[in-house]
Amino acid sequence: MLNRYSKSFFQHPHLRAAAAIANPRIGHARSSTSSNQRLKPALQPNGLASTPRRSLPSFPCVAQHAARESRILSQRESQSSSSPDPSSSGPEPPYARPSPSTYQTYHHAEPFRLTYSDTPLPELDIAYETWGTLSPARDNAILLHTGLSASSHAASTRENPAPGWWEKFVGPGRALDTSQFFVICTNVLGGCYGTTGPSSIDPATSEPYATTFPVISIFDMVRAQYALLDHLGLEKLYASVGSSMGAMQSLAAGWMFPGRVGKVVSISGTARSSPSSIAMRFAQRSVLMADPNWNGGFYYDRLPPHTGLKLARQIATITYRSGPEWDIRFGRQLQAFPETAEQRTPALCADFLIETYLDYQGEQFCLKYDANSLIYISKAMDLFDMTESSLVELGLSPIGSTPPPTKPSVQARLHPPPANPAPHLPALAAGLRPLAHTPILILGVQSDILFPVDQQRELADALRMTGNSHVSYYELGGVWGHDTFLLDEQNVGGAIRGFLL
């Protein structure tokens with residue numbers, strides 16, 4: 001009779017084969033000897049029964065890493081004996097990414113200064129894509145800022161018909177209505193999808209920068225985007241729009257260039273990274289950098305730190321959704337086991353469906369993104385702090401004049417003051433003063449654990465303390481957590497559409 005657990009799924013033939021790659025002894029023993037035979041006592045020369053030898057356990061979740069490494073090595077060998085891949089994006093490692101023929105690249109030939117480095121980048125490439133048509137007055141441009149790991153491919157294009165990361169929100173009649181607006185999206189500075197980052201070639205050495213790449217900031221990312229806007233001849237944006245890390249960029253853009261941004265949309269973001277989110281990203285970087293293949297960041301001519309990057313992505317995935325959603329989607333369900341199994345025993349590798357989901361998410365990501373880019377960009381998120389003291393310490397100040405005040409919004413008049421303000425709230429309000437006259441939409445999600453809704457409330461409060469009376473603030477329900485900005489087309493898209501128009 002079957003009980004709640006079956007025989008360990010390690011005995012599945014495909015998983016057994018994977019384990020054999022990591023430990024040939026295990027694969028050989030399991031393929032030639034039955035479990036009953038292995039446990040049968042052996043007779044010693046004196047006729048006495050010897051103690052039965054235990055079979056060695058197998059761990060498919062560990063063997064999977066060895067199998068992946070073996071596959072990468074074989075692919076590298078086959079590529080080295082053939083012509084270069086025409087879809088390669090250049091100096092970056094050959095992870096799956098948009099082909100350079102599907103996006104445009106702006107080359108900034110002049111030295112590019114940085115927040116935390118006395119030495120500027122000698123040159124800069126920025127990958128970008130556009131949707132819609134620029135108006136004759138050049139006044140309908142929207143800059144769409146990405147999250148940590150996204151490319152410039154926010155939506156499908158003629159050059160690249162594959163769905164983009166914000167496909168539901170960019171297009172005719174959608175939140176960013178391309179029948180009215182000209183939308184621009186870039187891969188951020190430090191990225192690996194066409195924009196200069198750690199995997200790009202350092203012109204001084206003709207080798208990848210690796211970890212000689214300088215530490216960057218959110219403000220550096222925005223300055224790079226504005227170098228592109230200058231190249232395109234765009235003096236002023238209709239709006240700066242972003243979610244997650246993109247929300248940090250949208251705020252920074254409005255703060256740095258108050259006279260060049262008409263409106264700001266900040267979704268599931270913050271003006272000051274909290275200790276909890278810093279801790280989560282530190283844990284991700286720690287497991288990645290502990291992978292021996294990381295090699296201090298110098299791995300571009302060898303195996304990448306695929307195992308560390310997979311584990312880092314698993315940690316990140318936990319922060320992107322919510323516990324209530326896990327309950328609805330997976331509960332405590334166990335994954336199916338082979339029909340030939342007589343009983344189930346708990347496995348030390350993935351056993352619950354939630355575990356298999358995290359494993360899948362990490363597996364899909366670990367060869368699609370550059371590990372050093374994750375390290376540098378996530379650190380830039382940690383460093384983001386728009387309190388006045390932090391901005392003064394960095395020597396940052398807005399560029400240009402501030403726009404005139406506009407009519408207050410209904411939401412601004414209805415918003416009550418905070419009951420128990422955080423100690424840093426006055427300093428944050430002082431830092432955000434250049435945004436006092438910019439219309440701003442702030443969206444928070446009640447189930448978000450990466451950027452808790454308190455941070456969006458805090459942002460709205462700080463902006464109103466500057467005298468900004470045209471701040472629109474909404475909180476969204478649902479169980480999707482931080483990823484709500486990717487999934488809730490009706491509420492997120494509707495709020496953006498109404499605010500922009």
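How many bridges join strand 9 to strand 10, and do they run parallel or antiparallel? Strand 9 (residues 239-243) and strand 10 (residues 264-267) are joined by 4 bridges and run parallel.

## Basis

This is a predicted model, in which local features need pLDDT of at least 70, side-chain atom pairs count only at pLDDT 80 or more, and totals for chains, interfaces and linings use all residues. Residues are numbered from 1 along each chain as its sequence is written, and side-chain values use heavy atoms, with hydrogens and water left out.

## Overall make-up

The protein has 17 helices and 12 strands. Both are DSSP runs numbered from the N terminus: helices are H or I with at least four residues, strands are E with at least two. Of the 501 residues, 52% are buried (under 20% relative accessible area; exposed is over 50%, partly exposed in between; 1.4 Å probe, protein chains only).

Residues 24 or more positions apart account for 76% of them.

An open sheet of 8 strands runs in the order 1-2-6-3-9-10-11-12, with mixed pairing. Strand 1 (104-108) and strand 12 (471-476) stand at the edges; each has a single partner strand, so one side of each lacks a neighbour in the sheet. From one strand to the next, the twist averages 20°.

Two strands pair if DSSP finds at least two bridges between them. Strands of a sheet pair through backbone hydrogen bonds, either parallel or antiparallel.

## Helices 7 and 8

Helix 7 (residues 275-289) packs on helix 8 (residues 306-320) at about 165°, with the axes 7 Å apart. Helix 7 is therefore roughly antiparallel to helix 8 (over 145 degrees; under 35 is roughly parallel, 65 to 115 roughly perpendicular, the rest oblique). Axes are lines fitted to C-alpha atoms, for helices over the stretch in contact; angles run from 0 to 180 degrees between N-to-C directions.

Helix 7 contributes Met280, Ala283, Gln284, Val287 and Leu288 to the contact. Residues from helix 8 include Leu309, Leu311, Ile315 and Thr319. By class, the contact holds 9 nonpolar, 3 polar and no charged residues (nonpolar: Ala, Val, Leu, Ile, Met, Phe, Trp, Tyr, Cys and Pro; charged: Asp, Glu, Lys and Arg; polar: the others, Gly among them).

## Glu325

Glu325 lies in helix 9 (residues 323-329). Glu325 is buried, at 4% relative accessible area. Leaving out residues up to four places away in sequence, Glu325 touches Val479 and Trp480.

Definitions and conventions. Contact = heavy atoms within 4.5 Å.
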